[in-house]
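Let's take a friendly walk through this model, starting with a pair of packed helices and moving on to the sheet. Have the structure open as you read.

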Amino acid sequence: GILDDFSKETGIPLTIEYRGPVDIRNSLSNLSKENPTNVDAYWPGSSIWLPGSTTVQPVSVMKSYVVLAVDPAVASELGWESVKGITASDLVSAVQSGKINLAMTSASQSTPGAAFYLAMYTALTGKRVLTSNDLNNPQATQDLKTMLAGVDRSAQSIDHLAHVFVDDKISGTHQTNAIVIYESLAIDMNKELVAKGQPPMTIFYVDGATA
């Protein structure tokens with residue numbers, strides 16, 4: 001819609017090719033300082049897919065937190081309250097105990113997966129900004145491996161994963177009971193669950209988890 005409005009207001013026609021973030025990153029890696037005549041703009045889900053861009057500075061047009069949505073019964077069993085929030089260690093412990101079966105997109109293929117991966121690593125190291133030295137933190141590395149071992153369902157697309165997650169809830173199979181998702185999509189997901197007679201997921205912002 002926003003792109004159609006742009007064309008109507010300016011008279012400039014737009015031709016759009018939809019690609020995943022990795023494909024966009026690979027396209028950008030082939031750029032030189034001379035912008036190719038066949039591409040005028042790239043619009044990935046996050047600036048993390050734009051390393052080393054020498055053409056223009058990326059500009060943020062929208063921000064949406066990546067949150068953890070948890071089945072309310074599981075959150076209650078764990079003693080988690082959304083007002084108080086949870087820590088990265090709380091999530092790792094819940095996964096380790098087998099109480100959290102996580103749905104999360106691939107950290108190497110999608111924006112929410114990559115953002116949550118980096119955010120959790122930041123929280124587990126206790127640093128505000130990660131450096132290469134922090135990658136050698138043995139405890140944070142092990143905790144991150146533990147969390148990722150709890151991922152029971154993954155996908156390249158967050159839209160697809162959210163759809164599968166909702167279907168799982170409605171069917172009653174309960175393969176997963178928590179999902180890493182955009183805050184904006186979590187709202188839509190909860191509206192859909194309520195409309196279909198299911199309780200909404202409880203939303204958590206992990207303390208210190210900033211990508």
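In this predicted model, Phe 116, Tyr 117, Met 120, Tyr 121, Leu 124 and Thr 125 of α5 are in contact with Ala 140, Thr 141, Asp 143, Leu 144, Met 147 and Leu 148 of α6.

How do the two helices sit against each other?

Five strands make up an open sheet with mixed pairing, ordered β4-β3-β5-β1-β6. At its edges are β4 and β6, each of which pairs on one side only. Further in, β3 and β5 pair in the parallel sense over two bridges, and Leu 102 stands opposite Ala 178 in β5. Helix α7 (residues 158–171) lies across β3, β4 and β5, and runs at about 145 degrees to β5.

| Strand | Residues |
|---|---|
| β3 | 102–103 |
| β4 | 151–153 |
| β5 | 178–182 |
| β6 | 202–204 |

Finally, a stop at a loop residue. Is Thr 15 buried or exposed? Thr 15, found in the loop between α1 (2–10) and α2 (21–29), is exposed, with a relative accessible area of 84%. Its C-alpha atom is separated by 27 Å from that of Ser 184, which is 169 residues apart from Thr 15 along the chain.

Notes
Residues numbered from 1 in each chain as written. Predicted model: local features only at pLDDT ≥ 70, side-chain atom pairs only at ≥ 80, totals over all residues. Heavy atoms only, no water. Contact = heavy atoms within 4.5 Å. Helix = DSSP H or I, 4+ residues; strand = E, 2+ residues; numbered from the N terminus. Buried < 20%, exposed > 50% of the residue type's maximum accessible area, 1.4 Å probe, protein only. Pairing = 2+ DSSP bridges. Axes fitted to C-alpha atoms, helices over the stretch in contact; angles between N-to-C directions.
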